[in-house]
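Thanks for sending this one over. Here are my notes, written for someone who likes to know the cut-offs behind each term.

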Amino acid sequence: MDIHRTFGEVVIWEEGRLRNAGRVDMTRTALEGFGKGLRSTDEVVIEATGNCMAVSRVLSPFVARVVIANPLQVKAIAHAHVKTDKIDAGTLASLHAAGYLPEIWTPDAATERMRRLAARRFQIVRHRTRIKNEVHSILHAHLIPRCPHADLFSGVGRAWLLRQPLPQDERGAIERHIRELDRLADDLAALDKEIAADALDDDAIARLLTITGVNLTVAAGIVAAIGDINRFSSPQKLVSYFGLNPRIRQSGLGAAHHGRISKVGRSHARSMLVEAAWAAAKTPGPLHAFFVRIRAKRGHQVAAVALARKLTVLCWHLLTKQTDYRWARPALVANKRRTMELKAGKPQKKGNKPGAAHAYNVKALRDQEMDIARHAEQAYEQFVAQWETRPKVRGRSKPAGL
């Protein structure tokens, strides 16, 4: 079935022959009527589109299986010279019958819900950033100097903004932008509450929170993007899934050329990993030492992406081996956990008895954990210093004995 926004073109493959079965409207009633006409042993093949998951959920009770194909890997459709809905549907049916159809993994309901929440949060944050940039552009267009406060949109920042000499229409535009920012802040808080509530009992998110630089938003987004970690047989598979692996071009006896990262995969998870890498690069520990080592050779941007790849490999090991990060800071992890509980709507604990996150508020204990992280960073630096740099060999190496 080649599905679109309003209809789907159906082609049936049976006993080596293709026959057209007409169109089906993309409504629940029409799809249920179409599913009742199928046999329980049939298999339905569709491409991954915006409504493919809904189509799969409606048709699954009527057939043996619903297969969702990866459109990026179905080259017979993407590069076809004659391209119609009937031909595309027939190509999907023929490839599946021959066993050559690239199939994607279908997430369960909980994972799909977390993906939607993470995507909506990302859209709201991006919209807020765009509005803030518009306010800054208005100030720049009227030669207003930089705000002396850290945050232009805080209480003191907004008070400073009201004192600036601006035309009346520009001032009205800024007021509309600020009202929109306040509304988006309420929406963002509601989404954070839903994400935190779903993450409270998730062991995978709890393990990722032990990594320095990974907060609740990043951990939930990564777990939602991964789904079942067992579908990745190695950390390199997960790195490739996030598009953090370098492009490689090699032909014949020539040397392999490594380029920039592929960026083929889940862009949202990749951006969050890079964000977590910047946070981890500012905190003492082995990850900071790794960032400094790569930065000395390739610069800040390449080092951040390399650290994001390192975090991906680390996430695979933690989730696969079901263990916490070895150099985790207990007080910081407890504070993250308590923050997650408060976002989820858990009641505040008052009284003389200190809670689990109390140690994070004691400066002496925080400094003690930082010292342990610095010792781990020094141990990593000493370990790397023992590596021997291999000389570069040009051309093809000769076999032994020649």
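The points below go from the whole chain to single residues.

1. First, the ground rules. This is a predicted model, so local features need pLDDT of at least 70 and side-chain atom pairs count only at pLDDT 80 or more, while totals for chains, interfaces and linings use all residues. Residues are numbered from 1 along each chain as its sequence is written, and side-chain values use heavy atoms, with hydrogens and water left out.

2. Overall layout. The chain has 15 helices and 7 strands; these are DSSP runs, with helices being H or I of at least four residues and strands E of at least two, numbered from the N terminus. Its C-alpha atoms fill a box of roughly 80 × 75 × 55 Å along the principal axes. Among contacts with a separation of 6 or more, 58% join residues 24 or more positions apart, where contact means heavy atoms within 4.5 Å.

3. Surface and burial. Of the 402 residues in the chain, 39% are buried. Here buried means under 20% relative accessible area, exposed means over 50%, and partly exposed is in between (1.4 Å probe, protein chains only). The chain exposes about 24,900 Å², and carbon and sulfur atoms supply 52% of that area. Accessible areas come from the Shrake-Rupley method with a 1.4 Å probe; for residues, only the protein chains shown count as cover.

4. Charge. There are 64 positive and 39 negative side chains, and the centres of the two sets lie 7 Å apart. Lys and Arg count as positive and Asp and Glu as negative, with His and the chain ends not counted. Each charge is placed at NZ of Lys, CZ of Arg, CG of Asp or CD of Glu.

5. Aromatic pairs. A search of the whole structure finds 4 aromatic pairs. Rings of Phe, Tyr and Trp (its six-membered ring) pair if their centres lie within 6.5 Å; planes under 30 degrees apart are stacked, over 60 edge-to-face, and the rest tilted. Phe232 and Tyr241 form a tilted pair, 5.1 Å centre to centre with 55 degrees between the planes. Tyr241 also pairs with Phe242: the centres are 5.7 Å apart and the planes at 45 degrees, so this pair is tilted. Phe232 is buried at 7% relative accessible area and Phe242 is buried at 1%, whereas Tyr241 is partly exposed at 22%.

6. Charges over rings. Arg231 lies over the face of Tyr241, at 4.9 Å from the ring centre. Elsewhere, Arg23 lies over the face of Phe7, at 4.0 Å from the ring centre. The criterion is NZ of Lys or CZ of Arg within 6 Å of the ring centre and within 35 degrees of the ring normal.

7. What does Ser94 touch, not counting residues up to four places away in sequence? The answer is Trp13 and Leu18. Ser94 lies in helix H4 (residues 85–98) and is partly exposed, at 30% relative accessible area. Ser94 and Val11 are 83 residues apart in sequence and 10.0 Å apart in space, C-alpha to C-alpha.

8. Two backbone angles to look at. Leu143 is not a glycine, yet has a positive phi of about 60 degrees. Leu143 lies in the loop between helix H5 (109–141) and helix H6 (155–162) and is exposed, at 76%. Gln322 has a positive phi near 55 degrees. Gln322 sits in the loop between helix H13 (300–321) and helix H14 (330–343), and is exposed at 59%.
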